[in-house]
Amino acid sequence: MKAIYQSYLETPIGWLQISGNDLEIWQISFLDSDLNPPTEAENSLGNEITLLCKTQLEEYFALQRQTFDFPLNPLGTDFQQKVWQKLIAISYGTTWSYLHLSKKLGDVKAIRAVGRANGANPIPIVIPCHRVIGSNGDLTGYASGLWRKKWLLDFETGQGSL
């Protein structure tokens with residue numbers, strides 16, 4: 001069994017827990033706000049991959065990075081994997097609708113399944129599920145809270161602030 005490593009990052013929208021092994025990142029989670037932040041010892045843990053992810057996320061929040069290039073291995077079904085690969089194609093500062101994403105996957109009728117796969121994304125921000133909105137422009141669905149989705153979209157379009 002591969003060792004599991006974790007790093008933590010304090011961001012303007014809450015603490016992130018970055019989880020991976022020696023080869024790739026497989027999960028980034030927002031920690032609930034009612035939990036205590038990681039201790040200094042916990043915050044210094046990690047390995048080369050989780051620390052690389054942490055550094056790139058720090059650069060993202062410092063407006064110095066718009067894409068990520070560390071190895072990912074999000075765990076999910078084949079369909080979820082296809083959806084998540086399409087999400088990576090959504091450029092920084094832009095949005096797609098769930099309908100547009102369904103069309104990109106070749107099945108306009110899969111819109112609900114696309115929404116469920118989007119919501120199951122285990123690597124938010126890096127796999128930018130926050131960039132998917134309703135066809136009418138409404139912010140709909142974000143597993144980490146709509147307020148975070150709004151913050152991220154505003155941040156990427158220069159309408160937000162640190």
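Mentor: Residues are numbered from 1 along each chain as its sequence is written, and side-chain values use heavy atoms, with hydrogens and water left out. In this predicted model local features need pLDDT of at least 70 and side-chain atom pairs count only at pLDDT 80 or more, while totals for chains, interfaces and linings use all residues.

Trainee: Why is the pair of W151 and F155 called stacked?

Mentor: Rings of Phe, Tyr and Trp (its six-membered ring) pair if their centres lie within 6.5 Å; planes under 30 degrees apart count as stacked, over 60 as edge-to-face and the rest as tilted. The centres of W151 and F155 are 4.8 Å apart and their planes are at 15°, so the pair is stacked.

Trainee: What makes F68 and F70 edge-to-face?

Mentor: Their planes are at 65°, and the cut-off is over 60. The centres are 6.1 Å apart, within the 6.5 Å limit.

Trainee: How many aromatic pairs are found in the whole structure?

Mentor: Eight. One aromatic cluster is formed by Y60, F61, F68, F70, Y92, W151 and F155.

Trainee: Where do W151 and F155 lie?

Mentor: Both are in helix α6, residues 146-156. They are four residues apart, about one turn of the helix. Helices (H or I, at least four residues) and strands (E, at least two) are DSSP runs, numbered from the N terminus.

Trainee: Why does W151 count as buried?

Mentor: Buried means under 20% relative accessible area, exposed over 50%, partly exposed in between (1.4 Å probe, protein chains only). W151 has 17% relative accessibility, so W151 counts as buried. F155 has a relative accessible area of 4%, so F155 is buried. F68 and F70 are buried too.

Trainee: Why is α6 described as largely enclosed by the rest of the structure?

Mentor: Eight of its 11 residues are buried, so α6 is largely enclosed. The buried residues are R148, K149, W151, L152, L153, D154, F155 and E156. Their cover includes β2, β3, α2 (48-61), α4 (98-104) and β5 (132-133). Just after α6, G158 takes a positive phi of about 80°.

Trainee: Which residues other than glycine have a positive phi?

Mentor: L63 is one of them, with phi of about 65°. I125 is another, with phi near 75°. L63 lies in the loop between α2 and α3 (78-88). I125 lies in the loop between α5 and β5.

Trainee: Is L63 buried or exposed? And I125, buried or exposed?

Mentor: L63 is at 55% relative accessibility, so L63 counts as exposed. I125 is at 1%, so I125 counts as buried.

Trainee: What makes N21 count as buried?

Mentor: N21 is at 7% relative accessibility, so N21 counts as buried. N21 lies in the loop between β2 (14-20) and β3. Contact means heavy atoms within 4.5 Å. Not counting residues up to four places away in sequence, N21 touches K2, A3, Y5, W26, N47 and I49.

Trainee: Which backbone nitrogens lie by a polar atom of the N21 side chain?

Mentor: The backbone nitrogen of L23 is 2.7 Å away. That of E24 is 3.0 Å away.

Trainee: How do you know that S29 and Q27 make a polar contact?

Mentor: A polar contact is a pair of N or O atoms within 3.5 Å; within protein, one must be able to donate a hydrogen and the other to accept it, and residues adjacent in sequence count only if both atoms are side-chain atoms. The side chains of S29 and Q27 make theirs at 3.2 Å. S29 is in strand β3. At 17% relative accessibility, S29 counts as buried.

Trainee: How is the lining of the largest pocket divided by class?

Mentor: Ala, Val, Leu, Ile, Met, Phe, Trp, Tyr, Cys and Pro count as nonpolar, Asp, Glu, Lys and Arg as charged, and the others, Gly among them, as polar. The lining has nine nonpolar, nine polar and no charged residues.
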